[in-house]
Amino acid sequence: RMFADLVEKGDWVDARIDHADPDRTPLPKPDTRSMFRPVGTVAVFCASNFPLAYSVGGGDTASALAAGCPVIVNAHNAHPGTAELVGNAISDAAKSCDLPEGVFSMLLSSDYEIGQNLVKHPVIKAVGFTGSQKGGRALMDLAAARDEPIPVYAEMSSVNPTFILPSALAENSDSVAQGLFISVTLGAGQFCTKPGIVVLPENEHLGRFAELFKEMIEESNSHKLLTSGIRDAYKEGVDERGENTAGAASDNEPIGFGVNPSVFQTNASYFLEDESMSEEIFGPTTVLVKSDTAAELLEIAKNMEGQLTASVFCSEADLVEYAYLIDVLETKVGRLIFNGFSTGVEVNDSIVHGGVYPATSDSRTSSVGTRAIERFARLVCYQDFPKETLPDELKDENALGIKRIVDGDFNEN
């Protein structure tokens, strides 16, 4: 519905008109008009952890269709039944709306060959992907190696660092710990926005915070992950990390795809030396990093890879005092959060669900919200075309009533 409303309003095409001035000297000025047009057929790769929102009928498919692009979906084998149900619903909707028969297609595969061939096929003009860094990078390399390279908009790994500054630890220790527990274990920690690293100051309040959080982890039940692959990767990551640092985990004996939540704790110097501590573990776990000084905290931020989000818990006064931290984080992430956790993503016009590589393949874009449509459109300029042959969005009379930039000014007439 959000993208339907966007298309009905029509402003997203960013229509711009510069009228001709034949009397300009030393050279006449041509008439130029530009707007976004569909990029072509889009291949969408579904996520294992979101059978709906990042899958067959998710944001990538919706935004590509809204841009005017045919879509070929490569469904994920973690939920083929759901994929088929949603795919049939989209096909039925396309027929009932009398859309061209090829506007939507879906493929089901159990290996990588079909997906690889899809990306290499010359009819594909862009790719949307949500998944691992390994998978996203493989598709990026395939797309770049084509005779006609194409963009891959990949959302990949992110640990979403959370910085809890002294004022928050002193004034709101219990509520922040409770919120962190909820955020880390929400959806069994299988959100791409889960806070995977928490940086805290070493002071008299840290002990209570850490103990309270560990108690909540230890007393929690086991959580079921979505696939055996996610479960195995979680257990391997936790086991490897457990060899290097102290941790607290439940004593439950999980069955099937179940795992126990866990938390690890280390200091800033060790964290900065051991790169594995900053790697994403998909599931209900996080790392508490103790920082002795503001300089250490800043060093952690500087050394982090690109992320989808970063959260800062503090007073407004701290926000001014630690302005340098915000300056650094702004170069690393797509969304900065003040006194809130990263797992909630509001879907609207202003949201940015993207970030610097390796969080995504293109930090200029968002895979959530109305900005997502821009990934699957390209700018086309019409110079000195007869007015009646122009798209309606670029005709002088503006029969569609959309917002445009005309001769340098915003105009709705």
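How many nonpolar, polar and charged residues does the lining of the largest cavity have? By class, that lining has three nonpolar, seven polar and three charged residues. Here, Ala, Val, Leu, Ile, Met, Phe, Trp, Tyr, Cys and Pro count as nonpolar, Asp, Glu, Lys and Arg as charged, and the others, Gly among them, as polar.

## About the model

The model is predicted, with local features needing pLDDT of at least 70 and side-chain atom pairs counting only at pLDDT 80 or more, while totals for chains, interfaces and linings use all residues. Residues are numbered from 1 along each chain as its sequence is written, and side-chain values use heavy atoms, with hydrogens and water left out.

## Cavities

The structure holds three cavities of 30 Å³ or more. A cavity is a set of points, on a 1 Å grid over the protein atoms alone, where a 1.4 Å probe fits but cannot get out; lining residues have an atom within 4 Å of a point. Grid points are joined across faces, edges and corners, and a volume is the space filled by probe spheres set on the points.

The largest cavity has about 80 Å³ of space. It has 13 lining residues, and the closest to its centre are Tyr 153, Ala 154, Thr 360, Thr 365 and Ser 367. Strand β7 (residues 152-155) gives the most to this lining, with three residues; strands (E, at least two residues) and helices (H or I, at least four) are DSSP runs, numbered from the N terminus.

The second largest cavity has a volume of about 60 Å³. Among its 13 lining residues, Val 159, Lys 194, Gly 196, Glu 280 and Ile 281 lie nearest the centre. Strand β14 (residues 285-291) provides the largest share of the lining, three residues, and the classes here are five nonpolar, four polar and four charged.

Next comes an open space: a pocket is an open set of grid points with protein on both sides within 12 Å along at least five of seven lines. The second largest pocket has a volume of about 550 Å³. Of its 26 lining residues, Met 2, Ala 53, Gly 58, Gly 59 and Val 347 are the closest to the centre.

Helices α1 and α2 each supply at least two lining residues, and α1 gives the most, with five. The lining of this pocket has 16 nonpolar, eight polar and two charged residues.

## Nonpolar cores

A nonpolar core is a set of buried Ala, Val, Leu, Ile, Met, Phe, Trp, Tyr and Cys residues joined through side-chain atoms within 4.5 Å; buried means under 20% relative accessible area, exposed over 50%, and partly exposed in between (1.4 Å probe, protein chains only). The largest core has 36 residues, of which Trp 12, Val 42, Val 56, Val 73, Ile 373, Phe 376 and Leu 394 touch the most other members. Elements giving two or more residues to this core include α1 (2-9), α2 (59-67) and β17 (377-383).

A second, separate core of 31 residues includes Tyr 234, Met 277, Val 289 and Tyr 322.

## Aromatic pairs

A search of the whole structure finds eight aromatic pairs. Rings of Phe, Tyr and Trp (its six-membered ring) pair if their centres lie within 6.5 Å, and planes under 30 degrees apart count as stacked, over 60 as edge-to-face and the rest as tilted. Tyr 322 and Tyr 324 form a tilted pair, 5.8 Å centre to centre with 40 degrees between the planes. Tyr 322 is buried at 10% relative accessibility, whereas Tyr 324 is partly exposed at 30%.
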